[in-house]
Structure formats: C-alpha cells, structure tokens
Amino acid sequence: MDDFVLRALAAGLGAALAAGPLGSFIVWGRMAYFGEALAHSALLGVALGLAIGLDPTWPVILVAGLVALMLAWLQGSRDLATDTLLGIVAQASLALGLVVLAFLKTVRVDLLAYLFGDVLAVTPSDVAFIWIGAAVALASLWRIWRPMLSLTVHEDLARVEGVDVPKIRVAFMLLIALVVAIAMKIVGLLPITALLIIPAATARRFSRNPEQMAVLAAALGCLAVAAGLWGSFVWDTPSGPSMVVASVAGFVLSRIGAGVRLVRPS
Amino acid sequence: MNRDVEKNPPLLTAEGIDVRFGSRSVLAHVSLAVHRGEIVSLIGPNGAGKTTLVRVVLGLLAPARGRVATKPGLRIGYMPQALAVDEILPITAARFLALSGITDRSRIARALDLVGAARVAEGQLRDLSGGELRRVVLARAILRNPDLLVLDEPVQGVDVVGQSELYDLITGLRDRTGCGILMVSHDLHVVMATTDKVVCINHHVCCTGHPETVSRHPEYLALFGPYAAQRLALYTHGHDHRHDESGEVVPLAGADTHGHRHG
C-alpha cells in the first residue's frame, strides 16, 4: 500500500476517534446546527490563512474558536431563536470565506479539497497534528464529562448542584472547534457534521449508557472512515462524502436490522 | 404538630423580589421564608410566577429588585418541574443520580430505596412511567442530604394514589431529616394535609399563612373560586396509612405525626 493511503487512513481514524464521543454530546444536546455553523465558519479561517500565507490549520482553529465564543455569548440574549442565530453565523462565515478567496487572485485554491476533503493532501505533519489534536480533545472531554453530561440532561439542575454551566459550555464549544480543524483536511468542511452525528445516531440503539454510546460511535466512525477511503480510492470519489455515504449505509443497515429483529417472533 | 419552627433562624429568605421579563412584571414585591423542619407550599394559578420565584430562590435567575439570603453552607436539593430525558440519551436511573457528582453506589441505592424506586434502578430513564420518573428525580434531590428541598410540582403526572404516597414520602423526609421544604403546587387541596404554611401567589403574594386560613381568604377564593372551597373538605383528613405496591392499606410507622388536625 502506498504511503499516502496509510497517511489518509491514519488521519481519518484520528478524526473519527475524536468525533464519536463529541458527536454523541451534539446528538444528546440537539446541537447539530451548532456543529454545522462551526464547520462553515472554518472556510473563513481557510481563506484568511491563505490571504496571509499561512497553513490554514491555525487560522481555522482561531476563527472557529472565536465563532464558538461568539455563539456562546449570543446564546445568552433571548431576542433570536438559536437556530436562526446559527443559520446567520454559518451562512455569513461561509459567504465571507468565499468572498475573501475570490479576492486572492494570485493564489490558486483547490476549493473542493477544503470543502470535501482530499486524501492526497494529507502530509505526515498533518497526521501528527490530527492525532495530537484528537488526543487533546478526548482528554479534555474526559475532564468535563460528568458536568457536561449533567447539564445536557437538565441545565438548571446541574447549576443548582454546582456545575459552572457557562464555563463547561464554552469548553465544549472550543473542543468542537478543534475537531472541525483536525477533521477538515481529510473529511472536508461540509461533511464534518455528518461524521459527528451519524455514527452517534447509529450507536444509540446498541447502547445502555452514555459511555457505551460514545465508544461505539468512535468505533463506527472509524469503520465509516476506512470504508469511505477504500471507496474513494477504488472509484476516485471525494474522500469526505465517501465516508459520509459509508456512515449512512451503516445507519440504514442498523435500522433495517432492528426492524427485522422486531418482526421476528421472540 | 406545633409550629415553633419559626423561632429558629430561617434557612432561606427572599425579600421584596421583583422580576420583569421585558416590560411584563412577573413578580412584584414577593417575600418568603423557609425554616428548618417546615413545609412551605407555593400555590397559584398557571402562569402566576411560581416557577420563576423558585428559579430566583435557587439563584438561577437574578431578580430586578429584592434579595435572597440563605444560611451559610446551605445544601439545596432541587427537583425540577419537567424533566424529560431525550430518547437519544441512553441512561439508567442509577446513573442519572450519579450525574449529581455523588457516585457512591450504596448512597444511590439508599436514596432510590427511600423513594420506593429501588426496582427501577437499572431501568432506562426513558422507559419509566411518570410516577417512577418523579420518584427518581426526587431521589436525586435528596441524594446530597440537603438542608432544604425545593420541589417544583413534585407530583405532576402522577395518579391520585401515587400522589398521596409521594406526599407521605415528602412529609416523612421532613420528619426524619428535619430539612425545610419549599414545594410548588397549582392545587391547594392536595397539599392541605402535608403543608405547614401556604404562600399563594399571583404575580404578588395574595395571602399567606396556615392552609385552612388561606383556603378561606377572600383573595384565594377570588383566584380559585368557591368550587375550590367545597372540594377542600374532601382532602382535609389525616394520613394514618399508606398503600403498598399491591394497593393494600398499610399502617404508617410515624402515623401520629401525620394524623394532626389543623386549626
């Protein structure tokens, strides 16, 4: 197997491992639009990075992190429904990113590679960054696991019991920003939400407690990444969408399997 | 029971609470105190601001004016009104209790046992009936050995038999631990036998005092109508028994503390 295939696989597995547990919280807390908004804002980070001649990874972390903080702050105001707010932020940052890219006439950008992932673009240092980022994300999530789970179930109850809700919330949003940045290269910006929520949704019916679901989501995400990459090489399809297709296939299979089990007399 | 609890310094006092949502005044100059060993019921029609007041008392909502003072080091157990756990989150009742930060399995088992929910400890939260879920949420509230229990509509969605069992349970908790209890209900009748003091609010405090005094207060009658006063007689009775799981009548161990007369 070629080196770049192994690199792509390593990158994808690292991203999927972090995405499973974080995606479980996104599913539990009904925050899918939030992940989407952060993923879209990352394009602005890419554009700004290219404009100042930097590798886009750090600008993406910076922009997604700032957007996460801004969303956390804006959610405090009650004038707008959260989904409206997220829609505005997502569309605004995506559009801004595209406009900034259009101004960069001297820079030739493979936009599709950023939007949908490019397996050939993964360098050894990318792989290292993805695994370090994933390790940091998972370790941080582990530290806030109990309070985050408690506030996901009932925020007021968590606050009365002493959970610093705003702090935990902001920490979680920053973790999502980090995962967006590490998954960007291999998965692409647009399908990131899918990698976060579909494995978690598939894992639900096989889990009896939150931790089972998180671990299973990570495992299913890895399977989807491997299957998607394989398909991407065989049929020369974009890597991110291929992983999403594999992930959705798993989700549909699990639903059909459950249906069959229900029909079969016990 | 002789109500000399008010001689002690209160566990919690709220004084002159004003809350506004935009231009709408939700609470105007509301005051309230809960003492050790005392059960205070907060009643009022829907939308009267009961839950808002509870959120102020718990420190979840800052009032526009007024202040809330608590005894230093006060431990509060809180039972929120509606706790619906999403279908998508797999979690057992015992694990739900552990989310409080108290993970000692024997303490969790004791709390569930105390509220009569030991059977459902390993059951998925979303599979529980309304009554079972209320008991589990109550178990989480008492898990931290609170000095003050704040219960928002503790019997909501529970059938009549289950309601009186839960109220007996709450009174028993007070008798055993001596904690103070602030309880929200939209219906005075069912809390008559349980409560020591009633605070009736409708954006302001309409009337406050002993349950039977409140039930005859003109402002109370204006709010709830004369029909409410008639139904009262049905509920003013001593609880000298409870029902076991098959519905059989079982004498209550501490019956003398329940069979008190009012007035």
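I looked up the domains first. Chain B splits into domain 1 (5–75 + 146–258) and domain 2 (84–145); such bounds come from an automatic or database domain assignment. The model is predicted: local features need pLDDT of at least 70, side-chain atom pairs count only at pLDDT 80 or more, and totals for chains, interfaces and linings use all residues. Residues are numbered from 1 along each chain as its sequence is written, with chains lettered from A and ligands numbered from 1 in the order in which they are written.

I found 12 residues from domain 1 of chain B and nine residues from domain 2 of chain B in it (contact: C-beta atoms, placed from the backbone, within 7 Å). On the domain 1 side, helix α5 (residues 160–177) of chain B gives the most, with four residues. That side of domain 1 has eight nonpolar, two polar and two charged residues (nonpolar: Ala, Val, Leu, Ile, Met, Phe, Trp, Tyr, Cys and Pro; charged: Asp, Glu, Lys and Arg; polar: the others, Gly among them).

Then chain B as a whole. I noted nine helices and 11 strands (DSSP runs: H or I, at least four residues, for helices; E, at least two, for strands; numbered from the N terminus). Of its 263 residues, 43% count as buried (20 or more other C-beta atoms within 10 Å of the residue's own).

Last, the chain contact. Chain A puts in 18 residues and chain B 17 residues. On the chain A side, α1 (3–28), α7 (145–153), α8 (155–160) and α11 (210–235) each supply at least two residues. I sorted that side into eight nonpolar, four polar and six charged residues.

Conventions
Two residues are in contact if their C-beta atoms, placed from the backbone, lie within 7 Å. A residue is buried if 20 or more other C-beta atoms lie within 10 Å of its own, exposed if 12 or fewer, and partly exposed in between; C-beta atoms are placed from the backbone.
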